[in-house]
Amino acid sequence: MSTLPVQQTSPTFVGMPSFPEAAREALANTQQRDNLRNATHTIRAKRAAVVAEVPEWESLRVAGADAKDEALTHLGDYLEQLEASLTANGATVHWARDADEANAIVVEIARAKGVDEVVKVKSMATQEIELNEALEAAGIAAWETDLAELIVQLFGDRPSHILVPAIHRNRTEIRDVFLREMAKVGRPAPEDLTDEPARLAEAARLHLREKFLRARVAVSGANFAIADTGTLVVVESEGNGRMCLTLPETLISVVGIEKVLPTWDDLAPMLQLLPRSSTGERMNPYTTMWSGVHDGDGPQEVHVVLLDNGRSHVLADTVGRQALRCIRCSACLNVCPVYERTGGHAYGSVYPGPIGAVLNPQLRGTASEVDQSLPYASSLCGACFDACPVRINIPELLVELRGTVAEQGGHRAESAAMKAAAWVLSDPRRLAVAQRGATTAGRLVGDRTMRRVPGLGAWTDARDVPTPPKETFRQWWARERGES
């Protein structure tokens, strides 16, 4: 059996530095910044054009948000209904509290089938739980079949975008890695391969075709899970998902519990919102739906692993739970000025960008340095909320999480500064003394720009400090009116 390229780091980025430090390194990569700018601007323009075609777009956003909120409000009931529907259709349902349980379930099923490889549909949930690494540790190769995921895997790299994980790579880099790595894990790339998109896609198609036809077990996620019918839905653009979901004998789907929708009718607005928001298309080229086992049609053994992994904790927060509405469209990434300049790796998770800045600290907690820093990885411009097809108020969540980090003792210097400011501003006499001190400093500084102030640390690394005025309003009033 061929072996996969070694991952450079864990997909959950254990030991990552805080966002400002990681972002500083990313900003120095001019090639990556150029790739990101071109890609995000192209996707943004396509999205704007197809959204403008829908006069009832805002009504669709509201319908999508309402459907997700209904499911989240009564999540326990709908999950039990989903389990019953799937079971009635011949599927086997497993419940996983965390990543370890989910990985153990999938590994056990694969081992029981006696396979040493599986093919995979692109899945954020399986990246979140590090399923590929768990399978590899058990001697089972997990082949990514989405083109961008294949590129990332061949590089031994990490995804940097929800929709297009290899957005930080250009065509020349992709051609080179195809020529260098494909032969090590299967059918080699053609020796005369160029960096033309059609030729690159052809090389990937030929490389993957033998894996599709050989695989007996496939692993997928799901974009949506319909409670009343037990239907799982995967939308994709390349057809690789359709191959994985129909050819193998056994299908294992790892599904986050937040993916449930109450009824079939609730799927309709989602299938209008998702493609326009993600790829800028009016509809997805491939939408695959399956409801358990059907004799002579598709996999004859279907397993569904319903994954919690911190989602119940997010659900308990009445403000934070709106992050679970996310349908993984990546619209918020494509409009975010911070993401466009830093890329996804700086966020330290498989969920980058604005949604990652609010979802990761909720799923993982704020004990680590990187999770404490993520709520601050934003300018709070609000573009993410305007773009979100299910109306997640990401700026509100960022502010809420910043408060949580401060209350837990993170950003101690900032917390101390705010407490000092509250003490000064709560008494007119203290304020007057502080103002006299500020005007004295202003006269000493003169017209020079203050670029760094001792004690304010990183805040002044990114912005100039306003020069203190030479005279306060109180002092002007006293001078002009002779009154204190």
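The structure is a predicted model, in which local features need pLDDT of at least 70 and side-chain atom pairs count only at pLDDT 80 or more, while totals for chains, interfaces and linings use all residues. Residues are numbered from 1 along each chain as its sequence is written, and side-chain values use heavy atoms, with hydrogens and water left out.

**Domain**
- An unreviewed UniProt entry places the feature "domain: LUD" at residues 79-307; such annotations may be inferred rather than shown by experiment.
- Residues 79-307 are 42% helix and 21% strand, with the end C-alpha atoms 11 Å apart; helices (H or I, at least four residues) and strands (E, at least two) are DSSP runs numbered from the N terminus.

**Salt bridges around Arg-311**
- The whole structure holds 25 salt bridges, each a side-chain nitrogen of Lys or Arg within 4 Å of a carboxyl oxygen of Asp or Glu.
- Arg-311 pairs with Glu-128, with the closest N and O atoms 2.8 Å apart; this links helix H13 (residues 311-315) to helix H6 (residues 124-128), the two residues being 183 residues apart.
- Glu-258 also forms a salt bridge with Arg-311, at 2.6 Å from N to O; Glu-258 lies in the loop between strand S7 (250-256) and strand S8 (260-261).
- Both Arg-311 and Glu-128 are buried (under 20% relative accessible area, 1.4 Å probe, protein chains only; exposed is over 50%, partly exposed in between).
- Glu-258 is likewise buried, at 3% relative accessibility.
- A network of salt bridges links Glu-128, Glu-258, Arg-311 and Arg-328.

**A pair within helix H9**
- Lys-184 and Glu-181 form a salt bridge with the closest N and O atoms 3.4 Å apart.
- These residues are separated by about one helical turn, because Lys-184 and Glu-181 are 3 residues apart in helix H9 (residues 171-185).
- Lys-184 is exposed at 52% relative accessibility, whereas Glu-181 is buried at 13%.
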